[in-house]
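Thank you for making the time this morning.

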Amino acid sequence: MLVECNRGGITHRGVSVHGYSDIIPAGTPSRWEMKDTDTVLLLSMAPALIKSVAEESGLDPRRVEILNRFQTRDTKIEHIGWALKDEMETGYPNGRLYIESLAQALAVHLLNRHSSESHEVTSPNGGIPGRRLKQVLSYIEDNLSQDLTLKTIADVSGLSASYFKTAFRTSVGRPVHQYVIQRRVERARLLLAKGQLPISQVALETGFAHQSHLAYHMRRMLGVTPKTILCKDRE
């Protein structure tokens with residue numbers, strides 16, 4: 001489908017292709033014209049996040065501009081977009097950490113590939129030092145019932161949020177949001193096996209939004225439902 005866009009005083013014309021992305025700098029008015037209907041996935045990035053990631057990478061956020069891109073092929077943006085869409089449509093089963101990790105990844109990628117200062121943002125060569133990693137894992141363990149955020153966990157490690165993501169994965173072998181979900185499921189399994197709390201209370205005690213979120217992850221990771229564990233314990 002042919003599409004025309006006037007953005008930032010420049011007119012773009014081309015064919016709308018599935019999977020291609022437009023990148024629009026903050027505060028840039030845009031006017032679109034198309035002859036047929038189309039469906040788009042819109043992602044909005046908070047300027048504060050771009051500023052924070054720029055500062056962490058040693059850039060002056062006052063000098064960094066996100067570039068105006070029309071119909072550019074970028075598989076990383078596409079994959080992050082579909083991951084966010086899937087998370088939203090399934091009721092956010094992976095929680096806040098997952099969303100924040102995707103947002104951080106997108107911000108870093110925009111700075112690396114689509115900014116006036118495009119270059120690879122430095123990331124840690126290794127993981128988190130042993131003592132700090134132990135502190136991080138202990139903090140997660142002690143706060144599984146809380147609404148953990150990427151920043152609060154990263155603060156324990158002494159690393160910025162964007163660097164922490166990479167360092168944690170290097171040290172533990174999986175993204176931080178996956179690790180937290182795994183620990184929550186295991187904690188829930190132990191609580192259910194004791195048979196002292198209803199499933200809804202176990203879900204809250206282990207940081208899940210509600211009972212169905214707990215059931216979703218327990219089926220996915222353990223192949224059983226919370227009810228199955230309760231019934232087995234009472235046999």
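**Sheet, helices and pocket**

Let me begin with the open sheet, which has three strands in the order 2-1-4 and antiparallel pairing, where strands are DSSP runs of E with at least two residues and helices are runs of H or I with at least four, both numbered from the N terminus, and where two strands pair if DSSP finds at least two bridges between them. Strand 2 (10–15) and strand 4 are the edge strands, since each of them pairs on one side only, and the twist from one strand to the next averages 15 degrees.

Before I go further, please keep in mind that this is a predicted model, in which local features need pLDDT of at least 70 and side-chain atom pairs count only at pLDDT 80 or more, while totals for chains, interfaces and linings use all residues. Residues are numbered from 1 along each chain as its sequence is written, and side-chain values use heavy atoms, with hydrogens and water left out.

Within the sheet, strand 1 (residues 2–7) runs antiparallel to strand 2 and is joined to it by six bridges; among them, N6 has T11 as its bridge partner, and C5 has H12. The hairpin of these two strands has two residues between them, and there G8 takes a positive phi near 60 degrees.

Turning to the helices, the axes of helix 2 and helix 3 come within 10 Å and cross at roughly 160 degrees, the axes being lines fitted to C-alpha atoms over the stretch in contact, with angles running from 0 to 180 degrees between N-to-C directions. These two helices are therefore roughly antiparallel to each other, a label used for angles over 145 degrees.

Finally, what lines the largest pocket? Its lining comprises 39 residues, of which D22, I23, L41, L42 and L43 lie nearest the centre; a pocket here is an open set of points on a 1 Å grid over the protein atoms alone, where a 1.4 Å probe fits, with protein on both sides within 12 Å along at least five of seven lines, and lining residues have an atom within 4 Å of a point. Helix 2 gives the largest share of this lining, five residues.

Note on methods: Angles under 35 degrees count as roughly parallel, over 145 as roughly antiparallel, 65 to 115 as roughly perpendicular and the rest as oblique.
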